[in-house]
Amino acid sequence: MLERQDAAQSGLQLLLNEFRRSLLQTSGQAATTVLYHGKIKSYLLQHPSNYPDSVAALSSLLDHFVAAQ
């Protein structure tokens, strides 16, 4: 779970919510995942924080998905 009081984690949560909405709107198109993979990676690099392990797991999962495309 992301910390709402941490500005970086709160911003990441907003980005993840946007990703989820986009996946629903595009019926899960691979291009949507590839696009948000880049956005999430970029966000994490620009906003360092003490993210929970689940963020690293999601990042790794997206890396594998994009590499398979």
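Glu18 is partly exposed, at 29% relative accessibility (buried means under 20% relative accessible area, exposed over 50%, and partly exposed in between, using a 1.4 Å probe and protein chains only). Keep Glu18 selected while we get our bearings.

What you have open is a predicted model, where local features need pLDDT of at least 70, side-chain atom pairs count only at pLDDT 80 or more, and totals for chains, interfaces and linings use all residues. Residues are numbered from 1 along each chain as its sequence is written, and side-chain values use heavy atoms, with hydrogens and water left out.

**Stop 1: the whole chain.** Switch to a cartoon view: the protein chain has three helices and zero strands, in the order α-α-α along the sequence. The chain is as compact as a globular protein of its length, because its radius of gyration is 12 Å, close to the 11 Å that the globule rule gives for 69 residues.

**Stop 2: inside and contacts.** How many of the 69 residues count as buried? The share is 30%. Now look at contacts (heavy atoms within 4.5 Å): among those between residues at least 6 apart in sequence, 58% join residues at least 24 apart.

**Stop 3: back to Glu18.** Glu18 sits in helix 1 (residues 7-25) and Lys39 in helix 2 (residues 30-46), so the pair ties together parts that are 21 residues apart in sequence. Lys39 is partly exposed, at 34% relative accessibility.

**Stop 4: the other pair.** The count comes to two salt bridges, so select Lys41 and Asp63 next: their side chains meet at 3.2 Å, N to O, in a salt bridge. Lys41 belongs to helix 2 and Asp63 to helix 3 (residues 53-68), so this pair links parts 22 residues apart in sequence. Lys41 counts as partly exposed at 29% relative accessibility, and Asp63 counts as partly exposed at 30%.

Conventions:
Helices (H or I, at least four residues) and strands (E, at least two) are DSSP runs, numbered from the N terminus. The radius of gyration is taken over C-alpha atoms; the globule rule is 2.2 Å times the number of residues to the power 0.38. A salt bridge is a side-chain nitrogen of Lys or Arg within 4 Å of a carboxyl oxygen of Asp or Glu.
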